[in-house]
Amino acid sequence: MLSLVRRRQEKGKGKKNKRPRANAPVRMSSDVWAHFHKVREPCEKTGEIALKAVCNYCIDKKYAYTQGGSTTTIGRHHLKCKGYKAKMARDAIQTTLELCKINGTTSGPTMHPSIEYDQGIVKELIAKMIRVHEYSFRMVEHEWFNILMQCMNPNYKPIGRKAIRAECMRVCKKEKEVLKSVLKGVSSICLTTYMWTSNQTLSYMCVVAHYIDVNWKMQTRVLAF
């Protein structure tokens, strides 16, 4: 019996109480925070300031959250988030619009036939194209524009100038709401104004916001025009 006790004591000498190192790596936060941001808002019932998790794609989706708490609820929302799925579909279309370089010259974009056609996404892309390049709404009614679109995909349905104008306004409103949601999580914003005169001697002023995002990159966004 005495020899058994000694053997256990000798084994115990080589063991040390393990203590967590002071410089031990901290557990990384959940990947779901790449699609959510935190805001503090007054509670509707009590009026107290509460922490909430807001979806980056669904402005009206807010979930009560405790710092360091579980992310199961918001993770469940992300799995079925229609806004995120729509964004992924748009990104899939945009990433397949590749500019092919042939003999040093750039040809037009080509769409891979493997991408499932979505009239809504194409309509939104046309609206963004019109806004960026300041095209006329009537261009969607041009004969050769429609020939080109139907050649790229026979499922394309012609769009009228009134419909594309409404789509431009919808996209603008949507992007504005997304920007509002993003700016809620920004601690400091610098505002600047720019003024210039157009060829028609019309004066314009633009209000621009500058801020540093979570990845420490400078961001610039137009707030008003």
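Author: Axes are lines fitted to C-alpha atoms, for helices over the stretch in contact (heavy atoms within 4.5 Å), and angles run from 0 to 180 degrees between N-to-C directions. This is a predicted model, in which local features need pLDDT of at least 70 and side-chain atom pairs pLDDT 80 or more, while totals for chains, interfaces and linings use all residues. Residues are numbered from 1 along each chain as its sequence is written, and side-chain values use heavy atoms, without hydrogens and water.

Reader: At what angle does helix α6 run to β8?

Author: Helices (H or I, at least four residues) and strands (E, at least two) are DSSP runs numbered from the N terminus. Helix α6, residues 161–183, lies across β7 and β8. Its angle to β8 is about 130 degrees.

Reader: Which strands stand at the edges of the open sheet?

Author: The sheet has 3 strands in the order β6-β7-β8, with antiparallel pairing (at least two DSSP bridges between two strands). Its twist averages 30 degrees from one strand to the next. Two strands have a single partner each, so one side of each lacks a neighbour in the sheet: β6 (190–197) and β8 (218–224).

Reader: Which residue in β7 stands opposite Y194?

Author: β6 pairs with β7 (residues 203–212) in the antiparallel sense over 8 bridges. Opposite Y194 stands C206.
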